[in-house]
Amino acid sequence: MRFEFIADRSCKIKTFLKGHDISKGLLAKIKYQGGHIWVNGIERNAIYLLTQGDKVAVDIPAEAGSPNLLPIHHPLTIIAEDDNFLVVNKPAGYASIPSILHSETIANFVKAYYQEKGYENQQVHIVTRLDKDTSGLMLFAKHGYAHSRMDKALQAKTIEKRYYALVAGQEDLPDQGEIIAPIARVSDSIITRQVHSSGKYARTSYRVLERFGRVKLLDIQLHTGRTHQIRVHFSHIGQPLLGDDLYGGSLDYGMKRQALHCHSLCLTDPFTGQERIYESGLTDDFESAIMNLQHNLE
């Protein structure tokens, strides 16, 4: 896969490419695994001194993919795809990546999809993942260079992720607000998290879209990405998600999993500079729960 640039100053190639998110590790792959660096059509090494205006082309070697990730053929709902990224609408009930407990995951399905398409790069790079029982949008990078550029965007907090959630609590909830509370692992569990002073900074903001008595439909924005962040934060303020029995959520409204759906991803494409907005509507179980809540109010 080739990427082309115009040198904007006089410097070594490796310094120039670092400014375009090509790391030392990727330069090593280019050098030792069949890649090339060209300057004005002539192959050069990473310490070659560029002159402003030079045309730089980088051939990045293909990625074979991990033999430990087994391809599993399963239908995928693809929201968008180009040479660099893939956006998938994940159903609830499937983990993002394999583990001891989960062997049929979205990563396995994407690996099979790549094989079916005969893509040059077979490595599966997950940029944004979701809990097993959370539905919605997942972003994949289709090669390591795209992944490194998206990681930089994640660190800079320029990828906006928004979720729909149904929460319920005895206390009222303001029309909009923000929860800033550190999240840590519960000492006797490898899964459960809690708000605790020893935890990592976590920030969540929300807006109430609709009210059904003590139940509210929220539009939530994640500003940090802690494990179970939305679930923990809303449980902490006495408004746990419907169906989320791990964090005290009610099972009385027809949701058989936590009522959480990633409905929007907004990001700037690092290769084109264009803003990309991907969206996903509510799932059937969300719609059914909302219809029942509306009916009970009549």
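The following questions and answers concern the predicted model shown above.

Me: How many helices and strands are in the chain, and what percentage of its residues count as buried?
Reply: Helices (H or I, at least four residues) and strands (E, at least two) are DSSP runs, numbered from the N terminus; the chain has six helices and 16 strands. Its C-alpha atoms fill a box of roughly 75 × 40 × 40 Å along the principal axes. Buried means under 20% relative accessible area, exposed over 50%, and partly exposed in between (1.4 Å probe, protein chains only). Of the 298 residues, the share that counts as buried is 46%.

Me: What part of the accessible surface of the chain belongs to carbon and sulfur atoms?
Reply: Accessible areas come from the Shrake-Rupley method with a 1.4 Å probe, and for residues only the protein chains shown count as cover. The accessible surface of the chain comes to about 15400 Å², and the part belonging to carbon and sulfur atoms is 49%.

Me: Which strands stand at the edges of the open sheet of four strands?
Reply: Two strands pair if DSSP finds at least two bridges between them. The order in this open sheet is E1-E4-E2-E3, with antiparallel pairing. Each edge strand has a single partner strand, so one side of each is left without a neighbour in the sheet; these strands are E1 (2–6) and E3 (42–43).

Me: Which residue in E4 is the bridge partner of Phe3?
Reply: E1 and strand E4 (residues 55–59) run antiparallel and are joined by five bridges. In E4, the partner of Phe3 is Val58.

Me: Which residue in E6 is the bridge partner of Ala80?
Reply: Strand E5 (residues 78–81) and strand E6 (residues 85–90) run antiparallel, with three bridges between them. Within E6, the bridge partner of Ala80 is Val87.

Me: Why are the buried residues of H2 on the same side, and which elements do they pack against?
Reply: In helix H2 (residues 24–32), the buried residues are Leu26, Leu27 and Ile30. They cover an arc of only 105 degrees around the axis, which puts them on the same side of H2; the arc is that of the directions from the helix axis to the C-beta atoms. On the other side, Lys24, Lys31 and Tyr32 are exposed. With contact meaning heavy atoms within 4.5 Å, the elements packed against the buried residues of H2 are helix H1 (13–18), strand E2 (36–39), E4 and helix H4 (144–155).

Me: Where does Asp21 lie, and is it buried or exposed?
Reply: Asp21 has a positive phi, near 65 degrees, in a residue other than glycine. Most residues other than glycine have a negative phi. Asp21 lies in the loop between H1 and H2. Its relative accessible area is 16%, so Asp21 is buried.

Me: What is the relative accessible area of His228?
Reply: His228 is in the loop between strand E14 (215–222) and H5. Although it is not a glycine, His228 has a positive phi of about 60 degrees. His228 is buried, because its relative accessible area is 11%.

Me: Why is helix H5 described as largely enclosed, and which of its residues are buried?
Reply: Helix H5 spans residues 229–236, and six of its eight residues are buried, so the rest of the structure largely encloses it. Gly238 follows H5 and has a positive phi, near 80 degrees. The buried residues of H5 are Gln229, Ile230, Arg231, Val232, His233 and Phe234.

Me: How many disulfides does a search of the whole structure find?
Reply: A disulfide is a pair of cysteine sulfur atoms within 2.5 Å. The sulfur of Cys262 has its closest cysteine sulfur in Cys266, 12 Å away, which is too far for a bond. Both residues count as buried, because Cys262 has 0% relative accessibility and Cys266 has 14%. The number of disulfides found in the whole structure is zero.

How values were computed. Residues numbered from 1 in each chain as written. Predicted model: local features only at pLDDT ≥ 70, side-chain atom pairs only at ≥ 80, totals over all residues. Heavy atoms only, no water.
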